[in-house]
Amino acid sequence: MSLSKKEILAEMEGADRLSEEDKEILFTGTYAYNLGRSLLDSKENDWKLGKNDVNKAIKTTFCQKAIGKIFKVDADIEAPMSKVVALLKDIERCGEWRSNFGAVENIKKINDINVRYAATKESIAGVISRRDIVVAHKVEERKALYSEFSKSVTVAEKPEVKKIVRGEVKISCLRLTPIDDNRCHYTGIISADFKGRIPQKMVDLTMNTAMFQDIYDIRKVAAKK
């Protein structure tokens with residue numbers, strides 16, 4: 001059984017002294033962590049086969065939950081896990097090599113939860129017009145595992161702006177695990193609402209294309225010496 005917001009905050013030292021906005025950030029980040037881990041740990045038969053790039057050895061699957069349709073991508077990366085982790089952590093430069101996202105910045109940190117802002121480039125996968133997001137973002141790092149978890153949150157520091165639609169990330173997470181010293185496995189999961197009247201078929205196409213592109217981008221930059 002999942003814990004309520006009150007129960008989660010009660011377990012966090014100093015949470016009672018935080019503003020309501022910061023409490024919401026802590027709760028949202030913890031919720032993303034708990035939901036993300038359950039999805040990453042879920043069994044293969046919980047997911048239905050999606051669109052795959054056989055030539056590039058990338059597999060996508062999806063499942064339907066209460067929050068909506070959730071997409072997952074799995075692929076091997078021909079690079080040491082430590083190198084890929086370093087790429088993902090360097091958010092100031094990710095806009096240089098990621099096709100879908102430009103600016104990414106950490107706004108503030110509450111305990112172990114970062115509030116992160118990101119904006120897409122001119123379009124997502126060449127289909128959906130520019131979007132931006134603000135998420136509560138949590139990292140879990142161990143010797144043989146690296147994971148990130150995110151969910152949308154509202155903060156005063158980043159109000160919505162004209163000409164960019166504020167999207168909603170219902171859940172986003174990724175996990176890296178080593179295969180050997182020179183290879184690692186990447187799993188990415190996302191459920192998002194782009195906002196606006198976008199047909200589900202268009203959302204499905206965009207999500208699959210964007211997930212493929214993420215893998216292409218990571219593989220390309222990780223292959224550089």
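Modeller: Helix 3 and helix 5 are roughly perpendicular to each other, a label for angles of 65 to 115 degrees, with under 35 roughly parallel, over 145 roughly antiparallel and the rest oblique. This is a predicted model, where local features need pLDDT of at least 70, side-chain atom pairs count only at pLDDT 80 or more, and totals for chains, interfaces and linings use all residues. Residues are numbered from 1 along each chain as its sequence is written, and side-chain values use heavy atoms, without hydrogens and water.

Biologist: At roughly what angle do the axes of helix 3 and helix 5 cross?

Modeller: Helices (H or I, at least four residues) and strands (E, at least two) are DSSP runs, numbered from the N terminus. Axes are lines fitted to C-alpha atoms, for helices over the stretch in contact, and angles run from 0 to 180 degrees between N-to-C directions. The axes of helix 3 (residues 81-89) and helix 5 (residues 200-222) come within 10 Å, and they cross at roughly 115°.

Biologist: Which residues of helix 3 and helix 5 make the contact?

Modeller: Contact means heavy atoms within 4.5 Å. Helix 5 contributes Ile 218, Val 221 and Ala 222, and helix 3 contributes Lys 83, Val 84 and Leu 87.

Biologist: How many residues of strand 9 are buried?

Modeller: Buried means under 20% relative accessible area, exposed over 50%, and partly exposed in between (1.4 Å probe, protein chains only). Both faces of strand 9 are covered, with Leu 145, Ser 147, Phe 149 and Lys 151 buried on one side and Tyr 146, Glu 148, Ser 150 and Ser 152 buried on the other. The count is 8 of 8.

Biologist: Which residue of strand 9 is the bridge partner of Lys 138?

Modeller: Two strands pair if DSSP finds at least two bridges between them. Strand 8 and strand 9 are antiparallel, with 8 bridges, and a hairpin of 2 residues joins them. The partner of Lys 138 is Phe 149.

Biologist: Which residue of strand 11 stands opposite Glu 148?

Modeller: Strand 9 also runs antiparallel to strand 11 (residues 168-180), through 5 bridges. Opposite Glu 148 stands Leu 174.

Biologist: Is Lys 143 buried or exposed?

Modeller: Lys 143 sits in the loop between strand 8 (131-142) and strand 9 (145-152). Its C-alpha is 42 Å from that of Pro 199, 56 residues away in sequence. At a relative accessible area of 85%, Lys 143 is exposed.

Biologist: What is phi of Lys 163?

Modeller: Most residues other than glycine have a negative phi. Lys 163 lies in the loop between strand 9 and strand 10 (165-166) and is exposed, at 87% relative accessibility. Its phi is positive, near 75°.

Biologist: What is phi of Lys 195?

Modeller: Lys 195 lies in the loop between strand 12 (183-193) and helix 5. It is partly exposed, with a relative accessible area of 32%. Its phi is also a positive value, near 70°.

Biologist: Which residues does Lys 121 touch, not counting residues up to four places away in sequence?

Modeller: Lys 121 is in the loop between strand 5 (113-120) and strand 6 (123-124). At 30% relative accessibility it is partly exposed. It touches Gly 95, Arg 98, Ser 99, Asn 100, Phe 101, Gly 102 and Arg 130.
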